[in-house]
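Subject: Structure handover

Hello,

Here is the structure I promised to pass on. Please open it next to this note and read along.

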Amino acid sequence: MRERRSNVLTLGMVALLIYFLLPLFWLFVASTKTVGDLFSSFGLWFASDFSLLSNIRETVTNGGWVFSRWMGNTVFYSVVSAGGAAFLCALGGYGFAKYRFRGNGAMFGLVLGAIMVPTTALAIPTYLLFSKASLVNTPWAIILPSLVSPFGLYLMRIYAQDAVPDGIIEAARIDGAGEFRIFFQVALRMLAPGIVTVLLFTLVATWNNYFLPLIMLNNPDLYPITLGLAQWSSQASAGGGTTGAVLSLVITGSCLSVIPLIAAFLLLQRYWQSGLSTGSVKG
Amino acid sequence: MSINTTDRLAARAPSRSEVRRRGRGVSHARTGYLFVAPFMLVFLGLLVLPLVYAAYLSLFQERLIGGTVFSGLGNYTRALTDPRLLAGMGRVGLFFLIQVPIMLAIALLAALAIDSGLLRMAKAFRLGIFLPYAVPSVVATLMWGYLYGQDFGPFAQLAGKLSLPAPKFLSSDWMLGSIANIVTWEFTGYNMIILYAALRAVPHDLYEAAAVDGAGAIRTAWSIKIPALRPALLVCLIFSVIGSFQLFNEPQLMQRLAPSVIDSAYTPNLYAYTLAFTGQEVNYAAAVSFFLGTVIVVASYAVLFVTSRRSRS
């Protein structure tokens, strides 16, 4: 029974896989081409001239290393935001799951209700508040709004409920450990898969964020990679004679910008898959 | 605080063990607050406050004479009769009705196929289909924009080789479908993973019982797996409501490729952005944002309500 395999099903799934991977293959192929070949050779196969390395060099060093700067900004914004958000969610989720205090249910309910509040509806009022506090055009404008993750808190609360047994907390208390010491030395390790899940998904959300930086930043030195690529692409479609060179930058830059996240997902798959199952089964 | 507690307890002259128990209970409750306080502070400052501020701003209007004046629900009556906003709302509503069922159907079929045990290389399929989720929507849109394009897009190239007319992905008739394709490409894998994770949690003795009763893979999927997936499907559906109604990145970037097709009010979010940053109509933009948020929350609860009623009957 277990040995049975369906060829028809496999074939159907191969078709689906091609749909999802072919565009990425195209992007890779396109980033190995010179601008001339981009227009003259067939899109889904390599041209005779393999210029991936020179394209990368051109992209990374163009305009005083501005691409590298954007990449660095993106890494900085997303690591700080994701680390902060995951920490806040772990602390809060554990608190909501393991302590009884007045207002526990009401506060958690408030956060739960906010899962459905669309982040982009918040962006414009947040911009107006931040411009009063002179936070616009600073890294804080990107990091602070990304620290709030109601869904992350929900996920961590559910996860903490089962992952940290009450008996262990009680035993640690009898041994005389303080509440925060219990959290950091005992509970945190048990919460790790949940934390990695929240970390990874906040990382993706910040890494991929476009609307917020578009509103908040107008200094190109602070741009994350999404905003930088969008700016290059508008130069490429607006400019006349020089379009070609910028076009190549956009394509190679796009290709480079997706590598880190794909690598992170592949390396950490054990964690995020187990963490996700908690959220969806009980959700 | 500890002095206070001890005083209060000493007044009643309680037993030693009672002191310890009560003292500990109080400190536990306080620690609970300390644990949730950082999250709640950030939550109040960066989610609730902007929301309240948007609601407040939306009650004012800028006038040429007299500056900014209180106008009650004036912005909302304007919004409800604004043909550009209503057209955008209709467009994202249509997008939701067409794109989301297609995306969730593909995600569901893929999750069931991967879970069925009938596939070779199931893991490769799972990761491959999920991969686009790790691609920023900006990159996905730029990439599909080039793929759709007439200059060096492979579709146009293939059509040229077969001497057929190139498909006009960026024309006004096709645009919404072209955007729907990008969104489907980006998010099918994410939904598939949520559904797949939920499937893994279905107790396997149920499958064995079904097999004993002579149920095949399709019958098992239909009668056991899909009903078990209801909560996970609901999560996907709610996220899709939110995603569809706040559509922004894709149309904003496609606008450059087809400025005559996508106007500044193509989606409500694009409209709010234009109002705030090009039109300088901050108060009306806040009203549009708040209105959009309300529509999304109401639509999400409507989805919850409809599905929970159906499961009860």
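Is Ser134(A) buried or exposed? Ser134(A) is exposed, because 9 other C-beta atoms lie within 10 Å. The cut-offs are these: 20 or more other C-beta atoms within 10 Å of a residue's own make it buried, 12 or fewer make it exposed, and anything in between is partly exposed, with C-beta atoms placed from the backbone.

Before the rest, some ground rules. The model is predicted, so local features need pLDDT of at least 70 and side-chain atom pairs count only at pLDDT 80 or more, while totals for chains, interfaces and linings use all residues. Residues are numbered from 1 along each chain as its sequence is written, and chains are lettered from A and ligands numbered from 1 in the order in which they are written.

**Chain A**

Chain A has 14 helices and zero strands. Helices (H or I, at least four residues) and strands (E, at least two) are DSSP runs, numbered from the N terminus. The C-alpha trace of chain A spans about 75 × 65 × 30 Å along its principal axes. Of its 283 residues, 45% are buried. Now take the contacts in chain A between residues at least 6 apart in sequence: 74% of them join residues at least 24 apart. A contact here is two residues whose C-beta atoms, placed from the backbone, lie within 7 Å.

Back to Ser134(A). It sits in the loop between α5 (119-132) and α6 (140-146) of chain A. For background, most residues other than glycine have a negative phi.

Trp65(A) also has a positive phi, of about 60 degrees, although it is not a glycine. Trp65(A) lies in helix α3 (residues 52-98) of chain A. Trp65(A) is exposed, with 12 other C-beta atoms within 10 Å.

Helix α3 of chain A also holds Thr74(A). Thr74(A) is buried, since 26 other C-beta atoms lie within 10 Å. Which residues does Thr74(A) touch, not counting those up to four places away in sequence? They are Trp207(A), Pro224(A) and Ile225(A). Asn218(A) is 144 residues from Thr74(A) along the chain, and their C-alpha atoms are separated by 15 Å.

**Chain B**

Chain B comes to 14 helices and two strands. Its radius of gyration is 27 Å, well over the 20 Å that the globule rule gives for 313 residues, so chain B is more spread out than a compact globule. That radius is taken over C-alpha atoms, and the rule is 2.2 Å times the number of residues to the power 0.38. The C-alpha trace of chain B spans about 95 × 80 × 40 Å along its principal axes. Buried residues make up 42% of the 313. Among contacts in chain B between residues at least 6 apart in sequence, 67% join residues at least 24 apart.

**Where the chains meet**

Ala, Val, Leu, Ile, Met, Phe, Trp, Tyr, Cys and Pro count as nonpolar, Asp, Glu, Lys and Arg as charged, and the others, Gly among them, as polar.

Ala113(B) is one residue to look at here. It is found in helix α4 (residues 83-115) of chain B. Ala113(B) is buried, with 24 other C-beta atoms within 10 Å. Leaving aside neighbours within four places in sequence, Ala113(B) is in contact with Leu9(A), Met13(A) and Leu119(B). Ala221(B) is 108 residues away from Ala113(B) in sequence and 9.4 Å away in space, C-alpha to C-alpha.

Then there is a helix pair. Helix α12 (residues 225-238) of chain A and helix α6 (residues 137-148) of chain B pack at about 25 degrees, with their axes 9 Å apart. Axes are lines fitted to C-alpha atoms, for helices over the stretch in contact, and angles run from 0 to 180 degrees between N-to-C directions. α12(A) and α6(B) are therefore roughly parallel. Angles under 35 degrees count as roughly parallel, over 145 as roughly antiparallel, 65 to 115 as roughly perpendicular and the rest as oblique. Thr226(A), Leu229(A), Ala230(A) and Ser233(A) in α12(A) meet Val138(B), Val139(B) and Leu142(B) in α6(B). By class, that contact has five nonpolar, two polar and no charged residues.

Best wishes
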